[in-house]
Amino acid sequence: MLAEVRRSINNIYRLYCHEDGHTYQARIKGKVLKDVRGEYNPLTVLDLVEFVPHSKDEGLIVSRLERRSSFCRWNAKSSTNQTICVNMDQVVIVASAQNPPFRPRFIDRAICCVRGADVVIAINKTDLGLDEEGLYYEKLYGSLGFKVVRTSAGTGDVGRLEELLKGKTTAFVGQSGVGKSSLVNVLTGSSERVGEISLKYDRGRHTTNHCSYIQSDDYAIIDTPGVREIMVPFEEKEEVVRSFPEFAKAGCRYDGCLHQGQEGCAVPALVESGEIDGQRYLGYLRILESLDERRPVYMRKKLLEK
(Lines give C-alpha, C1' and ligand atoms only; values in the text may rest on other atoms or scores of the structure.)
Protein backbone atom coordinates (compact mmCIF):
# COMPACT_ATOMS: atom_id res chain seq x y z
CA MET A 1 0.00 0.00 0.00
CA LEU A 2 1.09 3.58 -0.69
CA ALA A 3 1.39 6.10 2.15
CA GLU A 4 2.87 9.47 3.03
CA VAL A 5 5.09 10.08 6.06
CA ARG A 6 3.45 12.74 8.19
CA ARG A 7 5.73 12.50 11.23
CA SER A 8 9.11 10.94 12.00
CA ILE A 9 10.49 10.56 15.55
CA ASN A 10 13.10 8.03 16.68
CA ASN A 11 12.56 5.71 13.68
CA ILE A 12 8.83 5.53 14.34
CA TYR A 13 6.76 6.92 11.49
CA ARG A 14 3.20 8.15 11.30
CA LEU A 15 1.81 7.33 7.86
CA TYR A 16 -1.23 8.59 6.04
CA CYS A 17 -2.45 5.91 3.63
CA HIS A 18 -3.80 7.29 0.36
CA GLU A 19 -5.73 4.09 -0.40
CA ASP A 20 -7.91 3.84 2.70
CA GLY A 21 -7.56 7.31 4.26
CA HIS A 22 -6.31 5.73 7.48
CA THR A 23 -3.33 6.69 9.69
CA TYR A 24 -0.81 4.03 10.68
CA GLN A 25 2.21 3.86 12.94
CA ALA A 26 5.06 2.08 11.20
CA ARG A 27 8.69 1.04 11.35
CA ILE A 28 11.11 0.07 8.59
CA LYS A 29 11.02 -3.64 7.81
CA GLY A 30 14.30 -5.16 8.85
CA LYS A 31 15.43 -1.73 10.16
CA VAL A 32 17.30 -1.02 6.90
CA LEU A 33 15.49 0.45 3.93
CA LYS A 34 16.34 -1.22 0.62
CA ASP A 35 18.46 0.85 -1.80
CA VAL A 36 19.02 3.64 0.77
CA ARG A 37 22.62 3.98 1.93
CA GLY A 38 24.79 6.66 3.51
CA GLU A 39 21.98 8.90 4.75
CA TYR A 40 21.49 10.19 8.29
CA ASN A 41 17.78 9.45 8.14
CA PRO A 42 16.31 7.20 5.43
CA LEU A 43 12.81 8.67 5.76
CA THR A 44 11.45 12.09 6.59
CA VAL A 45 8.25 14.12 6.44
CA LEU A 46 6.31 13.78 3.15
CA ASP A 47 8.32 10.85 1.86
CA LEU A 48 6.11 8.52 -0.17
CA VAL A 49 6.55 4.89 0.90
CA GLU A 50 5.20 1.44 0.24
CA PHE A 51 4.20 -0.39 3.39
CA VAL A 52 2.50 -3.58 4.52
CA PRO A 53 -0.07 -3.28 7.34
CA HIS A 54 0.08 -6.05 9.95
CA SER A 55 -2.72 -4.80 12.20
CA LYS A 56 -5.49 -2.23 12.21
CA ASP A 57 -3.14 0.65 13.06
CA GLU A 58 0.40 -0.59 12.44
CA GLY A 59 2.57 -1.63 9.52
CA LEU A 60 6.06 -2.16 8.11
CA ILE A 61 7.68 0.11 5.52
CA VAL A 62 9.35 -1.80 2.68
CA SER A 63 10.48 0.88 0.20
CA ARG A 64 10.75 4.61 -0.48
CA LEU A 65 9.60 6.24 -3.70
CA GLU A 66 11.65 8.81 -5.63
CA ARG A 67 11.68 12.32 -4.18
CA ARG A 68 10.76 15.32 -6.33
CA SER A 69 12.27 17.97 -4.02
CA SER A 70 14.17 18.21 -0.76
CA PHE A 71 15.70 20.41 1.91
CA CYS A 72 18.97 18.82 3.00
CA ARG A 73 21.76 20.02 5.31
CA TRP A 74 25.08 18.72 6.58
CA ASN A 75 24.88 17.00 9.97
CA ALA A 76 28.24 17.74 11.60
CA LYS A 77 27.74 15.31 14.48
CA SER A 78 27.31 12.29 12.19
CA SER A 79 29.44 13.72 9.33
CA THR A 80 26.79 12.98 6.73
CA ASN A 81 23.95 14.66 4.88
CA GLN A 82 20.61 14.92 6.64
CA THR A 83 17.39 15.40 4.67
CA ILE A 84 14.95 17.47 6.72
CA CYS A 85 11.84 17.27 4.53
CA VAL A 86 10.89 16.34 0.96
CA ASN A 87 8.27 16.62 -1.78
CA MET A 88 7.27 20.22 -1.01
CA ASP A 89 6.50 22.84 -3.64
CA GLN A 90 8.45 25.64 -2.02
CA VAL A 91 10.62 26.54 0.96
CA VAL A 92 10.08 29.71 2.99
CA ILE A 93 13.35 30.85 4.56
CA VAL A 94 12.41 32.97 7.54
CA ALA A 95 14.75 35.73 8.68
CA SER A 96 14.12 38.42 11.28
CA ALA A 97 14.52 42.15 10.76
CA GLN A 98 15.79 42.44 14.33
CA ASN A 99 16.10 40.37 17.52
CA PRO A 100 17.97 38.31 16.37
CA PRO A 101 19.57 40.53 13.73
CA PHE A 102 19.11 40.01 10.01
CA ARG A 103 21.66 37.42 8.79
CA PRO A 104 22.02 37.21 4.97
CA ARG A 105 24.76 34.55 5.18
CA PHE A 106 22.26 32.15 6.76
CA ILE A 107 19.79 32.86 3.95
CA ASP A 108 22.46 32.16 1.31
CA ARG A 109 23.38 28.82 2.88
CA ALA A 110 19.74 27.84 3.31
CA ILE A 111 19.10 28.54 -0.38
CA CYS A 112 21.92 26.10 -1.18
CA CYS A 113 20.11 23.42 0.83
CA VAL A 114 17.00 23.53 -1.39
CA ARG A 115 16.64 21.16 -4.33
CA GLY A 116 13.71 21.03 -6.76
CA ALA A 117 11.53 23.59 -4.93
CA ASP A 118 10.94 27.34 -5.20
CA VAL A 119 12.45 29.67 -2.60
CA VAL A 120 10.59 32.42 -0.74
CA ILE A 121 12.38 34.74 1.71
CA ALA A 122 10.18 36.02 4.53
CA ILE A 123 11.61 38.90 6.56
CA ASN A 124 9.73 38.65 9.86
CA LYS A 125 9.41 41.08 12.79
CA THR A 126 9.26 44.04 10.42
CA ASP A 127 7.16 45.84 13.03
CA LEU A 128 10.52 46.34 14.81
CA GLY A 129 11.88 48.14 11.76
CA LEU A 130 14.20 47.10 8.92
CA ASP A 131 17.69 48.64 9.03
CA GLU A 132 19.80 49.76 6.07
CA GLU A 133 21.39 46.33 5.62
CA GLY A 134 18.01 44.61 5.66
CA LEU A 135 16.62 47.03 3.09
CA TYR A 136 19.65 46.47 0.85
CA TYR A 137 19.34 42.68 0.89
CA GLU A 138 15.57 42.78 0.51
CA LYS A 139 16.11 44.60 -2.80
CA LEU A 140 19.09 42.40 -3.78
CA TYR A 141 17.30 39.07 -3.30
CA GLY A 142 14.32 40.39 -5.25
CA SER A 143 16.59 41.45 -8.12
CA LEU A 144 18.04 37.91 -8.23
CA GLY A 145 14.60 36.43 -8.82
CA PHE A 146 13.69 35.29 -5.31
CA LYS A 147 10.27 36.11 -3.91
CA VAL A 148 10.71 38.35 -0.87
CA VAL A 149 7.91 39.28 1.54
CA ARG A 150 7.73 41.22 4.79
CA THR A 151 5.82 39.68 7.67
CA SER A 152 5.10 40.27 11.34
CA ALA A 153 3.77 37.41 13.40
CA GLY A 154 3.45 39.82 16.30
CA THR A 155 0.93 42.03 14.51
CA GLY A 156 -0.59 39.29 12.35
CA ASP A 157 0.69 40.85 9.13
CA VAL A 158 1.02 37.70 7.00
CA GLY A 159 -1.30 38.49 4.08
CA ARG A 160 1.30 38.63 1.30
CA LEU A 161 2.93 35.42 2.49
CA GLU A 162 -0.38 33.62 2.79
CA GLU A 163 -1.18 34.38 -0.84
CA LEU A 164 2.03 32.59 -1.87
CA LEU A 165 1.07 29.51 0.16
CA LYS A 166 -2.35 28.86 -1.35
CA GLY A 167 -2.67 25.52 -3.12
CA LYS A 168 0.87 24.49 -2.21
CA THR A 169 2.86 22.49 0.31
CA THR A 170 5.50 24.70 1.90
CA ALA A 171 8.39 23.99 4.27
CA PHE A 172 9.36 26.72 6.74
CA VAL A 173 13.03 26.90 7.79
CA GLY A 174 14.95 29.42 9.83
CA GLN A 175 17.27 30.14 12.71
CA SER A 176 15.94 29.73 16.22
CA GLY A 177 14.24 32.89 17.41
CA VAL A 178 13.34 34.46 14.06
CA GLY A 179 9.64 33.75 14.65
CA LYS A 180 9.24 30.83 12.27
CA SER A 181 6.88 28.83 14.50
CA SER A 182 5.03 32.01 15.45
CA LEU A 183 4.37 32.62 11.75
CA VAL A 184 3.13 29.06 11.37
CA ASN A 185 0.81 29.55 14.35
CA VAL A 186 -0.71 32.67 12.79
CA LEU A 187 -1.08 31.05 9.37
CA THR A 188 -2.64 27.80 10.57
CA GLY A 189 -4.11 28.50 13.98
CA SER A 190 -1.89 25.75 15.42
CA SER A 191 -0.12 25.87 18.77
CA GLU A 192 3.52 25.08 18.06
CA ARG A 193 5.74 26.02 20.97
CA VAL A 194 7.29 29.48 20.76
CA GLY A 195 10.61 30.29 22.42
CA GLU A 196 12.18 33.41 23.85
CA ILE A 197 15.36 35.14 22.69
CA SER A 198 18.60 34.52 24.55
CA LEU A 199 19.75 38.00 25.57
CA LYS A 200 23.35 36.84 26.06
CA TYR A 201 23.82 35.79 22.44
CA ASP A 202 20.87 37.57 20.77
CA ARG A 203 19.81 34.20 19.37
CA GLY A 204 16.74 32.08 19.73
CA ARG A 205 16.21 29.01 21.84
CA HIS A 206 15.24 25.74 20.14
CA THR A 207 11.51 25.02 20.50
CA THR A 208 10.67 22.68 17.61
CA ASN A 209 12.67 19.43 17.77
CA HIS A 210 11.05 17.57 14.87
CA CYS A 211 9.20 18.37 11.65
CA SER A 212 5.49 19.05 12.05
CA TYR A 213 3.08 18.62 9.14
CA ILE A 214 0.09 20.95 9.39
CA GLN A 215 -2.81 20.89 6.93
CA SER A 216 -5.09 23.91 6.58
CA ASP A 217 -8.03 24.51 4.26
CA ASP A 218 -5.98 26.20 1.53
CA TYR A 219 -2.43 24.93 1.98
CA ALA A 220 -0.10 22.59 3.88
CA ILE A 221 2.92 23.58 5.96
CA ILE A 222 5.97 21.70 7.23
CA ASP A 223 7.43 23.43 10.27
CA THR A 224 11.07 22.31 10.58
CA PRO A 225 13.28 22.48 13.69
CA GLY A 226 14.95 25.82 14.27
CA VAL A 227 18.76 25.79 14.12
CA ARG A 228 21.55 28.07 15.31
CA GLU A 229 23.52 27.66 12.09
CA ILE A 230 23.13 25.68 8.89
CA MET A 231 25.76 23.93 6.79
CA VAL A 232 25.39 23.15 3.09
CA PRO A 233 25.20 19.41 2.36
CA PHE A 234 28.19 17.64 0.86
CA GLU A 235 27.54 17.54 -2.88
CA GLU A 236 28.94 18.49 -6.25
CA LYS A 237 30.05 22.13 -6.37
CA GLU A 238 27.99 22.68 -9.53
CA GLU A 239 24.87 22.36 -7.38
CA VAL A 240 26.05 25.29 -5.25
CA VAL A 241 26.72 27.39 -8.35
CA ARG A 242 23.07 27.02 -9.37
CA SER A 243 22.02 28.59 -6.07
CA PHE A 244 23.74 31.85 -7.06
CA PRO A 245 21.78 33.07 -10.12
CA GLU A 246 23.94 36.20 -10.50
CA PHE A 247 26.73 34.02 -11.92
CA ALA A 248 24.60 32.80 -14.85
CA LYS A 249 25.23 35.88 -17.01
CA ALA A 250 28.86 36.40 -16.03
CA GLY A 251 30.13 35.28 -19.43
CA CYS A 252 33.03 33.15 -18.20
CA ARG A 253 35.27 31.73 -20.92
CA TYR A 254 34.69 28.06 -20.06
CA ASP A 255 31.52 26.10 -19.39
CA GLY A 256 31.33 24.64 -15.91
CA CYS A 257 33.33 27.48 -14.35
CA LEU A 258 33.22 27.32 -10.55
CA HIS A 259 33.88 31.08 -10.29
CA GLN A 260 36.85 30.83 -7.96
CA GLY A 261 38.98 33.25 -9.96
CA GLN A 262 40.50 30.65 -12.27
CA GLU A 263 41.66 31.56 -15.78
CA GLY A 264 38.79 32.88 -17.88
CA CYS A 265 36.50 33.52 -14.88
CA ALA A 266 34.64 36.82 -15.21
CA VAL A 267 33.08 36.90 -11.74
CA PRO A 268 35.88 38.60 -9.73
CA ALA A 269 35.83 41.57 -12.14
CA LEU A 270 32.05 41.85 -11.72
CA VAL A 271 32.47 41.78 -7.95
CA GLU A 272 35.08 44.53 -8.16
CA SER A 273 32.79 46.67 -10.33
CA GLY A 274 29.87 46.16 -7.94
CA GLU A 275 27.70 44.24 -10.39
CA ILE A 276 27.85 41.18 -8.11
CA ASP A 277 27.52 41.63 -4.36
CA GLY A 278 30.91 41.10 -2.73
CA GLN A 279 29.61 39.66 0.54
CA ARG A 280 27.51 37.04 -1.23
CA TYR A 281 30.53 36.11 -3.33
CA LEU A 282 32.73 35.73 -0.24
CA GLY A 283 30.04 33.54 1.31
CA TYR A 284 29.94 31.45 -1.86
CA LEU A 285 33.71 30.90 -1.76
CA ARG A 286 33.50 29.88 1.90
CA ILE A 287 30.80 27.33 1.07
CA LEU A 288 33.03 25.74 -1.57
CA GLU A 289 35.91 25.66 0.92
CA SER A 290 33.68 23.92 3.46
CA LEU A 291 32.83 21.22 0.90
CA ASP A 292 36.56 20.58 0.34
CA GLU A 293 37.09 20.34 4.09
CA ARG A 294 34.45 17.60 4.32
CA ARG A 295 35.84 15.62 1.40
CA PRO A 296 37.50 12.40 2.60
CA VAL A 297 41.29 12.73 2.86
CA TYR A 298 41.99 10.10 0.18
CA MET A 299 39.78 12.04 -2.27
CA ARG A 300 41.59 15.30 -1.52
CA LYS A 301 44.94 13.65 -2.33
CA LYS A 302 43.59 12.44 -5.69
CA LEU A 303 42.49 15.98 -6.56
CA LEU A 304 45.96 17.37 -5.71
CA GLU A 305 47.63 14.72 -7.89
CA LYS A 306 45.64 15.77 -10.97
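I looked up C113 and found it buried, because its relative accessibility is 1% (buried is under 20% relative accessible area, exposed over 50%, partly exposed in between, with a 1.4 Å probe and protein chains only). The model is predicted: local features need pLDDT of at least 70, side-chain atom pairs count only at pLDDT 80 or more, and totals for chains, interfaces and linings use all residues. Residues are numbered from 1 along each chain as its sequence is written, and side-chain values use heavy atoms, with hydrogens and water left out.

I placed C113 in the loop between helix 1 (104–112) and strand 9 (114–115); helices (H or I, at least four residues) and strands (E, at least two) are DSSP runs numbered from the N terminus. Leaving out residues up to four places away in sequence, I listed S70, F71, C72, R73, I230, M231, V232 and P233 as touching C113 (contact means heavy atoms within 4.5 Å). M231 lies 118 residues from C113 in sequence, yet 8.2 Å away C-alpha to C-alpha.

Next I checked which residues join helix 1 to helix 2: P104, I107, D108 and I111 meet E133, Y137 and Y141.

Then I turned to T151, in the loop between strand 11 (147–150) and helix 3 (159–165). T151 counts as buried because its relative accessibility is 0%. Its side chain makes a polar contact of 3.0 Å with that of N124 (a pair of N or O atoms within 3.5 Å; within protein, one must be able to donate a hydrogen and the other to accept it, and residues adjacent in sequence count only if both atoms are side-chain atoms).
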